Amino acid sequence: MNKPRKLLRGVAVVLSLAMSLGLVAGCGSSQAPKPNASTDKPYAGTQLRVVFANHPWSDALKAQLPEFEQKTGIKVNAENYFEDQLTQKLTVELTSGSTTIDAFMFRPLQEGKLFATNGWLNDIGSYTQKDTAWNVGDFNKGAIGTVTMNQKLYGVPLVTEREIMYYRKDILQQNNIPVPKTLDELVAAAKKLNDPSKGIYGFVARGQRSPAVTQLSSFLYSSGGDFAKDGKATINTPEALKAYQTYGDLLRLYGPPGTLNMAWPQAFAIFQQGKAVFLTDADSLYTNLTDPKKSTVSDQVGFAPFPAGTAGAKPYNITSWALGMNAKSQNQAATWEFIKWATSKEEVLKMQQAGNPGARESVWNDPEGLKTFPKEYADTVKASMKDSVDHDRPVVIDIGPARDAVGGPIQAAIQGQDIAAAANAGNTALQAILDKEKK
Amino acid sequence: MFSRWLERNIKYVFPLPAVLFVLIMMVFPIAYTLRLSFFDWSMSSLVPPQWVGLGNYKTLIFSDPRFWPSISRTFSFTIAAVVVETVLGIIIALLFNQDFKGKNVLKTLFLLPMIATPVAIGLVWMLIYEPNIGLANKVLQLLHIPPQLWLASPKQVLTSLVVVDVWQWTPMIALMVLAGLTSLPTEPYEAALVDGATRWQMLTRITLPLLKPTILVAVLLRSIDALKTFDIIYSMTGGGPDFHSETINIYSFVQGFSYFKLGMTSALLMIFFVIVLAISFILVSARKGGET
């Protein structure tokens, strides 16, 4: 046999070996160590895979993780994604029946219903009842409501939010205008203070089709409407048309150019640059405006409850993020340890002090829990919890198309197009989704 | 034994990894997508995919208000981008074919957009296009042109996106044409000089005809690439405002990962696959026709 031949054969052997090795490696699986009941760290050595969203809450909690790991001996492997990517990642992995994810953050109103119907979220009711010290009763009822489906508890509320009105204290003061208490007053004030020649706009908010839906919702409720009632879509009712009109007019007449393409980061950027007087959005995002590193008007931000419409002031008050357990997790008991710790009174207090409004009432009633919030902000949030609505978007499984349906009239209103026609089209689309899910 | 067998079958063993790769990574996904396009499936593990036959295709072609506009947008975007890029690319290549000082530095600078990450480019251009604080309107202000809405305007959004694509990909066409230029024979030019041809005549009668195969390849590659543009559109507008920059790729993505209609997405992608295939076929045969 000559040399090149030998070499050739060697290469072939190595190649086929490498390929079969690759196949074998793909089949490997990791086993969780058996719980050791004899010590005070029964789950020591267990590794948990927890998928987080990019959110101030996650950042604050991750700073505390070493404490948990030391206390329990459980190792937490954290992963992070932006919210849309998170939904996609979770959906793809959970569809394929992944057992490696143990706990994950999810948005109860966005994907909660889909995840629960698909059987991906574990019912953690039995755990929460056993742990009386953890005390599920301490959580805000509305917040627990958003993670409960068919009497089953599918997660623990982490961050709650309400729509509030941000305003520029200095500009209102200079012009001697009181803080608007009603939507009509807001429109009048925005009109008066709108001064594009100086680069100051009366009002800014989200205008992008799907992101705007949640912030339109409080306008809708306060005008006496809702997305649907008793299985019937109601976004073309006179109340809904009025809400669309108000929201669209505010942005079209007194808003900066380009609102059609704005989600919250763009809208907040306008306010941060001192170019807007009023902004209505979620209260949980307030640090973006008060942080001097991000905002040029950090010391001039005022907070007020959502202005009243014809039906009163009815902001949404929802659980924006919850922590759930993968139904196929191999380490359920250890995962519960983690969830219990992350949502314990002590941790919720710390998270709230870091600027994340939580769901535990004891923390809201504790002066310690409010001490890092600006006083006006804490008062606004507490007031917004009173007469509020527990959803900020249509309550359906098929949330993506539903939001696009509801968002259509917003974009029509901002462009000054026929709102009624757009609302009719949106209503038909929303009705089709509702009908499909009733079956 | 094994070595004997190997010896005899070496011609199969060597290409095996490549063949397996193509089968697993290309043939299987396409076949699976084709199969899925006949089902209605919303990524649920409880509700299995449901057979709907050609239902997804019918819905798309006959009753979906977003399908046809997305197709036409895909083509307007591709044609506009590729035409501008080709014209600019050829001009730039001809410029770079001359000798001047600092040519190499300029050439390197010119290639930079091509090697930047598309999503990063998208985010930077988003800031440039920002109607209130963006650079684009500041420049217009200096030229005494009223500010524009750019990405936030349903009418301007597609053009604004074409500009970004042109900025990013003109260098590729220029690079390919430049390569073609350097390999051109010198004899025809000498003959033309002797015959007293003008520079313009030399360009249109000699250079461009000789470059035709190169340009066609560049156009072919660029067209296929432009058809499937996704990253810059997704990162800059996500298909908005009001769906006015929703190309077929963005629409497929929305159907798949925001609506979770996997069957519909597969049908969309199959239609798109056929379109791309047809265009490649036409362009390839045009090139062959040009050669003979």
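The model is predicted.

**Chain B against chain A**

Start with the contact between the two chains. Chain B brings 25 residues to this contact, and chain A brings 27 residues. On the side of chain B that touches chain A, two or more residues come from each of α1 (2-13) and α12 (248-258) of chain B. The helix α1(B) gives the most to that side, with five residues. By class, this side of chain B holds 16 nonpolar, seven polar and two charged residues.

**Two domains in chain A**

Now turn to chain A. The domain assignment gives domain 1 (47-154 + 318-386) and domain 2 (162-316 + 395-438) of chain A. Their C-alpha centres lie 28 Å apart. The contact between them takes 18 residues from domain 1 of chain A and 16 residues from domain 2 of chain A.

What gives two or more residues to the side of domain 1 of chain A that touches domain 2 of chain A? The elements are α4 (108-117), β12 (317-325) and α17 (375-386) of chain A. The largest share of that side comes from α17(A), with seven residues.

**The sides by class**

The table sets out the residue classes for one side of each contact.

| Chain B, touching chain A | 16 residues | seven residues | two residues |

Notes:
Residues are numbered from 1 along each chain as its sequence is written. Chains are lettered from A and ligands numbered from 1 in the order in which they are written. This is a predicted model: local features need pLDDT of at least 70, side-chain atom pairs count only at pLDDT 80 or more; totals for chains, interfaces and linings use all residues. Two residues are in contact if their C-beta atoms, placed from the backbone, lie within 7 Å. Helices (H or I, at least four residues) and strands (E, at least two) are DSSP runs, numbered from the N terminus. Ala, Val, Leu, Ile, Met, Phe, Trp, Tyr, Cys and Pro count as nonpolar, Asp, Glu, Lys and Arg as charged, and the others, Gly among them, as polar. Domain bounds come from an automatic or database domain assignment.
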